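Please study the sequence and the structure before reading on.

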Amino acid sequence: MRLDKYIAKSRIIEIESTDLMGALLELMEVSTARLQDGLNVRKITNQLMAREKTMTTYLGNGVAMPHIRVKMKRPYIFAIGRVKDGIEFEGLHEYNEVRLLFLLLASENEKNYLNVLASLARLFRDRDLVDNMITAPDTKTFAERVFLGFSGLLAKPERRQTRFNRLLLKESEKIARESKCSAILLFSDTFAGGIEGARGFPNFRTVLVTRAASDRAQESGQIETAIEVRSFSSQRLSQARSAILIGLTRGIFKHNDRLLCVGGIPSSNQLDTLMVIDIEREFQSVIDRENDLLPPSVKIEVLERMIGIATELSVEGREGKPVGTMFVIGDTEKVNSMVKPLVLNPFYGYRMEDRNVLNPFMDETIKEYSVIDGGFVIRGDGIIESAGSLIHAPAEFYHNLPSGFGTRHSAAAAVTKAADCISLCVSASSGQVTLFRKGVMFPLLEKPIGTSS
Ligand SMILES: Nc1ncnc2c1ncn2[C@@H]1O[C@H](COP(=O)(O)OP(=O)(O)OP(=O)(O)O)[C@@H](O)[C@H]1O
């Protein structure tokens, strides 16, 4: 998504105020100057402040992103301010870390709002890119770097290939051809910065698997498409199973494809692993046809987001402790008939947009509530209906799972037989993330017991 078209030089400023209210007023002033939309600066700033009190917009990496829908003709207004030394807001320490304050005003009628929020959050997750903006020596350079960053041109310097990497890439193509693979999956998180090889294989269909896909990667070479899978694991090719699953549901792969995975330890800059995967054999128990995988009511981006959150939860835990939970996605009408609330629904009273998992600010909230006993019920379009729910399908839908799986996993399996939904289980005891569809289990991330990251 091209975000640079919404950036204007006059809305890139150095913030003078040291408190949030003052800083927001400065950004609102430059946002509304010269506009005929009749936006009420004070009123909107107060609404932004009220919102910040109920839900922080601090994204990490020194970036906060207050955002709000307003009545206006333009689809979006972006304003970005650089803060010297953090800002004061109700004594909360995360605001001391703010160095960039990004204000997003969106029209009430804009349907793409959550996607824009998600794209911005993804952009600001790139530490190097943010640092580059923060450390600009003067305002002019700061503005230039903002433009470059938003247009995807401010890339990390590419590393030169080592001889060994070159050899592996060359042999990969040969192996893929001779073993009749239909595509090569290049795990680009192996490289801390870009690498020449990430341009893809000249004579072979290449799919990039990455934690953060930029549009630029796909524009700059033979990369046919990129699959974004979050993974904080330090294991080789740990994103493979999730990536293939997403590729199948997106129609990038067919169930009878054979794939060559090429990667190494994340950020090691060293390729060291080649793995041939026959999708049919690997996933045989889950799918007969790729179309069966995704329930009709579930949006693929919702499943992708939930796989990301479940993976992060399993790897990070919460406050140093492992977390177990269950997400049931889709067919909520039927699922709700099998739900008993264990606690008062914490999402009660949230606006739909604020409890949609596609909203990047929901990640933290979901993780926070994952420590509550019970599971989450999520609509196929991403709206969370409840958390802290006991999800219990009728007895006839229960079947034996391999030993080691207890009542949480049994319930997660059964509900996907009883309703046309998907469930994702994060195991508190083993750290595994398991997807269930039609009662069949499919481990996405296997974490050896006792590993913390
Ligand atoms: N039907 C259910 N719906 C929601 N949550 C459940 C359900 N059954 C169990 N749980 C939750 O799972 C927790 C762990 O139960 P148990 O150890 O039997 O499951 P498990 O499948 O082995 O999961 P884990 O691998 O996380 O230990 C329970 O304390 C409860 O919070």
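The model is predicted, so local features need pLDDT of at least 70 and side-chain atom pairs count only at pLDDT 80 or more, while totals for chains, interfaces and linings use all residues. Residues are numbered from 1 along each chain as its sequence is written, and side-chain values use heavy atoms, leaving out hydrogens and water.

Two packed helices are described by the angle between their axes and the distance between the axes. For α1 (residues 20-32) and α2 (residues 41-54), the angle is about 135 degrees and the axes are 10 Å apart. Axes are lines fitted to C-alpha atoms, for helices over the stretch in contact, and angles run from 0 to 180 degrees between N-to-C directions. The residues of α1 that meet α2 include L20, L24 and M28, and their partners in α2 include V41, I44 and L48; contact means heavy atoms within 4.5 Å. By class, this contact of α1 with α2 has 9 nonpolar, 3 polar and 3 charged residues.

## Helices α10 and α12

The axes of α10 (residues 300-316) and α12 (residues 362-369) come within 11 Å and cross at roughly 50 degrees. That angle makes α10 oblique to α12. In α10, R305, I309, E312, L313 and E316 meet D363, I366 and K367 of α12. The residues of this contact divide into 3 nonpolar, no polar and 5 charged. Here Ala, Val, Leu, Ile, Met, Phe, Trp, Tyr, Cys and Pro count as nonpolar, Asp, Glu, Lys and Arg as charged, and the others, Gly among them, as polar.

## The chain as a whole

The chain has 13 helices and 18 strands. Helices (H or I, at least four residues) and strands (E, at least two) are DSSP runs, numbered from the N terminus. Of the 453 residues in the chain, 57% are buried, meaning under 20% relative accessible area with a 1.4 Å probe, protein chains only.

## Two loop residues with positive phi

Most residues other than glycine have a negative phi. N61, in the loop between β2 (58-60) and β3 (63-64), has a positive phi near 55 degrees. K180 is not a glycine either, and its phi is about 60 degrees. K180 lies in the loop between α6 (163-178) and β7 (183-187). At 69% relative accessibility, K180 counts as exposed, a class that begins over 50%, with partly exposed in between buried and exposed.

Definitions and conventions. Parallel < 35°, antiparallel > 145°, perpendicular 65-115°, else oblique.
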